[in-house]
Amino acid sequence: MTNGAVTAAHVLVAADKFKGSLTAVQVAERVTAGLRRVVPGLAVETLPVADGGDGTVAAAVAAGFERRVAAVTGPRGEPLTAAYALRGTTAVVEMAEASGLQHLPDGVFAPLTSTTYGSGELLRAALDAGARTIVFGVGGSATTDGGAGMLAALGARFLGAGGESVGPGGGALGELVTADLSGLDDRFQDVELILASDVDNPLTGPKGAPAVFGPQKGASPADVAVLDRALAHYASVLGPDAADAPGAGAAGGIGYGALVALGACFRPGIEVMLDILGFGRALERATLVITGEGSLDEQTLHGKAPAGVAAAARAAGKDVVAVCGRLALTQEALGGAGIRRAYPLRELEPDPALCMAQAGPLLERAAEHIARDFLLEASPRPS
């Protein structure tokens, strides 16, 4: 082997977004540029990934799905244009496209009244386009309505004591007397609906959707108490058994609505996405896998995209390294997850604001380090 020569490497870049800085597609582009600056002509295959939250549709489109759009209702009732992805009869629907936090003005939350109605409209659009398998990615929501808005958009009726429809949002569900599901779109009887999420929380209680995720959506302690009582009452009307099922508390309880009324089956989001993105085939071709996300921390180890990528790659006997903005895991924890080494951008730029602002160029520099450490034959292999 000659100094500076390169092994017959084929690198697979399968990273999630760096939230607030770079999309998963941009991460892949920057890593590729940095690698090829050190190793011109290097074979690099990119497969942006997501775990069911925001960015899931973009990952599917990058993998060859067709991007479709639909007019839907936003979380505060405003009109929006939302995207979903379609390939053949398989659709990828991302609830955050219709009901996500990104649709709220900065600092203006509506924890008691925000609705998932638009997510139901987006599911209906996928059905109208001919989808018979729907991967429903749930995460990044602005809502805590147990999926009631979604079900209303699909034909359900939620009525109060006087026979009137209860208001939008989770807070109004405390007034629910009757849930009429007879008008639900009957196409769901013949559709495989996969609830894809990295969250396995129950609907209510100390680990439920209001208590754990409500504060992220502007809910005060008093709001959390109102929402928890309202969702518990809602579940008592629709069916309490599904309220404790894995995924019921995902995305403000939309998981519960999908499980109890639409016949959804829950699967960890990253597992589903790796399947439909063709990760297994790409992994066979790879000699090195690069994954990552904005922050590698304890949450990463519990169903986030990098952990799923690393687990699959380790099972296939492939080396895995990670890029990230911030690293909050020990080397032991990284190794346990199947990641040999992490390259945090904060080591290159300690200032958090500058690190986020300059994430693209910094990521290219990190990729250069990976190329020197893992792809040049003369370089020592890090342990």
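Student: In which sense do E3 and E4 pair, and over how many bridges?

Tutor: Two strands pair if DSSP finds at least two bridges between them, and the strands themselves are DSSP runs of E with at least two residues, just as helices are runs of H or I with at least four, all numbered from the N terminus. Here E3 and E4 pair in the antiparallel sense over eight bridges, and Glu66 has Leu86 in E4 as its bridge partner. The two strands form a hairpin with five residues between them, and Gly77 in the turn has a positive phi of about 95°. Please keep in mind that this is a predicted model, in which local features need pLDDT of at least 70 and side-chain atom pairs count only at pLDDT 80 or more, while totals for chains, interfaces and linings use all residues. Residues are numbered from 1 along each chain as its sequence is written, and side-chain values use heavy atoms, with hydrogens and water left out.

Student: What is the strand order of the open sheet of six strands?

Tutor: The order is E3-E4-E5-E6-E9-E10, with mixed pairing. Strand E3 (66–73) and strand E10 (265–268) are the edge strands, each pairing on one side only. Neighbouring strands of this sheet are turned by 30° against each other on average, direction ignored, where axes are lines fitted to C-alpha atoms, for helices over the stretch in contact, and angles run from 0 to 180 degrees between N-to-C directions. Within the sheet, E6 (residues 133–137) and E9 (residues 192–197) pair in the parallel sense over five bridges, and Ile134 stands opposite Leu193 in E9.

Student: Which helix lies across E4, E5, E6, E9 and E10?

Tutor: Contact means heavy atoms within 4.5 Å. By that criterion helix H9 (residues 269–277) lies across these strands, running at about 85° to E10.

Student: Which strands stand at the edges of the five-stranded open sheet?

Tutor: That sheet has the order E2-E1-E11-E12-E13, and its pairing is parallel. Strand E2 (43–46) and strand E13 (341–344) stand at the edges with a single partner strand each, so one side of each is left without a neighbour in the sheet. The twist averages 25° from one strand to the next. Four bridges join E1 (residues 10–13) to E2, and Val13 stands opposite Thr46 in E2. Helix H1 packs on this sheet, touching E1, E2, E11 (288–296) and E12 (319–327), with its direction at about 175° to that of E2. Helix H14 lies across E11, E12 and E13, at about 150° to E13.

Student: How do H1 and H14 pack?

Tutor: Two packed helices are described by the angle between their axes and the distance between the axes. For H1 (residues 24–38) and H14 (residues 359–374) the angle is about 45° and the axes are 7 Å apart. Angles under 35 degrees count as roughly parallel, over 145 as roughly antiparallel, 65 to 115 as roughly perpendicular and the rest as oblique; H1 and H14 are therefore oblique to each other. Among the residues that meet are Val27, Val31 and Leu35 in H1 and Leu363, Ala367 and Ile370 in H14.

Student: How many helices and strands does the protein have?

Tutor: The secondary structure comes to 14 helices and 13 strands, and the C-alpha trace spans about 85 × 45 × 35 Å along its principal axes.
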